[in-house]
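I opened the notebook on this chain today. These are the things I looked up, entry by entry.

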Amino acid sequence: MSNNYKLSDYLLDVIKHMGANDIFGVPGDYNLQFLDHITHRDDLTWKGNANELNASYMADGYAREKGFATFVTTFGVGELSAINGLSGSIAEHVPVLEIVGAPTNEVQNNGSLVHHTFGDHDFSRFEKAHRQLGIKSARLNKDNAINQINEIAQYIYESKKPAYLILPTNLVEMEVNPSLKDNIADLFVEAKHNSVNSFNQIKEAINHSQSPVIIMGHEVDRFNVFDDIKSFSDKNNIPVLDLGLGKGNIDESFKNFVGTYNGEISDESINKYVENSDNVILIGAKLTDSVTGGFTQQFAEDNTITINYDGANLYGKQVAEDYKFKNIMHSLADTNLDLSLPSLDLKNNDSSINPSGDKITQSFYDKAIASFINGDNTLVAEQGTSFFGLASQKLPKDAKFFGQPLWGSIGYAFPAALGNQIANKDRRVVLSTGEGSLQLTIQEFGLAFREKLNPIMFVIDNTGYTVERVIHGMNESYNDVPALNYGLMPKAFGANDDQFDFIEVSTEKELIDAISKAKEETDKFVLIQVNMGMKDVPEQLAKTAIAFANQNK
């Protein structure tokens, strides 16, 4: 007698336990039977995307809020369309699971010449491509499928990195023991681990400081250790900074928070803390070119303590083998050092906005957006003028921020922002993107209106790829983009009149008025076109572009 509990049900129960309530993707004939298991459940919702690339971006944005996300593609054509987005998730350490519906094991073993392949009998090349990128992978087989699913789930939970799972169609309806469901929670119990030796080494090194400073990165959010840093800093009066890769994942209203560091192109008030430090403590950070002012950080290995998920070192030498990231962070939270550092006396900068009838500049725009954000907002910035202008702005308590400064895939921010909004509809997402970037993923306006989402979206229209212009080719035609009519977009993608508001602004006063109106229209998707000059760029982008241009010579 059938028990009616299938392998697909078990996989979805694991996904639900890991925190995903919504699953993104695109249907294809190799995943349709699996999609039936999603749509027939009451506790999971299918969010169909316009294409697989957008699905991968949307899952990434969802996972940054929920801590985990899943999307589904079909074999070959679907997964290759999505591989760019999944690569961004591994570059920036975002826990996303891709499930690929694949031909039956029999078809694959026989090397049949079926569609969505190269017609060369080789069914392993796409899996190899993912493995080559360092993405944890598993091709399910009937004898070991449960263990394979469990291993993938535990890997994502422990590492907070993405993974890739191939589900052949012949296993979708394979019956499994329903009692397996009762053991899912046991997969995610963290084993006790002793890190005494490595912690003592790290503590001793910090104790030898006279002016330490903490610089935080993206792993602080992924492993939820900001409260540990806050406690450690509070007990010992250590200044705290963040990087653009990791900004908004911490409380920037914290009394010891100095600002966002971007190498020597940061504001002087921020730079002085790093310049004067004899011991820079990097926590969960990657020192990439786009968040260090083109590798202009003012410290070297001989005065740097690095504490990351995959290891720690003191001035270039690894700590003891008993190291475990979260153990170290929890231990630091309760640590009183032998230092006697004075309390920080941080000055609050004047953030008041006085709009005029002048044309909007990038500088005014960045300050206006920052002054508008509150604790219920997540600010998403496309890589380009939006990110470089907004990453340096200080956020209020409970506000969040993210972009994609390491992978930097153009078009990422729009679907990622929508995914983030779906993950938590109690927070209102504010997106800043450029008209050039929006072209790549504009199709997801359809999903936004279908799902009745209500973000506030600023589209900077400055006639092209401004970030590329300032690196090379300011007036070259390859940096131009077509002029689109954004006012027609909502209805073209299925919006009703009461679902959206479109506002076009060109002056400072018009921008502030539009922001005020958007804040009031909480039940609408508010689309604001911001017209700016072609050569107007944030100061930090202008300086970073010089470094990028020099790197490319």
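Is Lys6 buried or exposed? I looked up its relative accessibility and got 12%, so Lys6 counts as buried. The cut-off for buried is under 20%. I note here that the model is predicted.

**Entry: the partner of Lys6**

I looked for a salt bridge next. Lys6 pairs with Glu175, with the closest N and O atoms 3.6 Å apart. Lys6 sits in the segment before α1 (7-17), and Glu175 lies in the loop between β6 (163-168) and α8 (196-207), so the pair ties together parts that are 169 residues apart in sequence.

**Entry: overall build**

I stepped back to the whole chain. I listed 21 helices and 19 strands. The radius of gyration is 24 Å, close to the 24 Å from the globule rule for 553 residues, so the protein is as compact as a globular protein of that length. Along the principal axes, I read a C-alpha trace spanning about 70 × 60 × 45 Å. Of the 553 residues, 59% count as buried.

**Entry: salt bridges**

How many salt bridges are there by the rule used? I got 26. I went through some of them.

Lys247 bridges to Glu252, and their closest N and O atoms are 2.8 Å apart. I found both Lys247 and Glu252 buried.

Asp251 and Lys397 also meet through their side chains, at 3.6 Å from N to O. This pair links distant parts of the chain, 146 residues apart. I placed Asp251 in the loop between β8 (240-243) and β9, and Lys397 in the loop between α14 (385-390) and β15 (400-402). I then compared the cover on the two ends. Asp251 has 12% relative accessibility, so it counts as buried. Lys397 comes to 46%, so it counts as partly exposed.

I also traced a network.

**Entry: a charged patch**

Which residues form the negative surface patch I looked up? They are Glu264, Asp267, Glu268 and Glu275. I located Glu264 in the loop between β9 (257-261) and α11 (268-275).

**Entry: Gln33**

I looked up Gln33 and found it in helix α2, residues 32-39. How far is its C-alpha from that of Ser8? The two C-alpha atoms are separated by 9.3 Å, and the residues are 25 apart along the chain. Gln33 has 38% relative accessibility, so I logged it as partly exposed.

**Entry: Ala492**

My last stop was Ala492, in helix α19, which covers residues 489-492. Is Ala492 buried or exposed? At 64% relative accessibility, it counts as exposed. The cut-off for exposed is over 50%. I also checked Ala492 against Gly446. They are 46 residues apart in sequence, and I read 8.6 Å between them in space, C-alpha to C-alpha.

Methods: Residues are numbered from 1 along each chain as its sequence is written. This is a predicted model: local features need pLDDT of at least 70, side-chain atom pairs count only at pLDDT 80 or more; totals for chains, interfaces and linings use all residues. Side-chain values use heavy atoms; hydrogens and water are left out. Patches are made of residues with over 30% relative accessible area and no salt bridge: like charges are joined within 9 Å, nonpolar side chains (Val, Leu, Ile, Met, Phe, Trp, Tyr) within 5 Å. Accessible areas come from the Shrake-Rupley method with a 1.4 Å probe; for residues, only the protein chains shown count as cover. A salt bridge is a side-chain nitrogen of Lys or Arg within 4 Å of a carboxyl oxygen of Asp or Glu. Lys and Arg count as positive and Asp and Glu as negative; His and the chain ends are not counted. The place of a charge is taken as NZ of Lys, CZ of Arg, CG of Asp or CD of Glu. Helices (H or I, at least four residues) and strands (E, at least two) are DSSP runs, numbered from the N terminus. The radius of gyration is taken over C-alpha atoms; the globule rule is 2.2 Å times the number of residues to the power 0.38. Buried means under 20% relative accessible area, exposed over 50%, partly exposed in between (1.4 Å probe, protein chains only).
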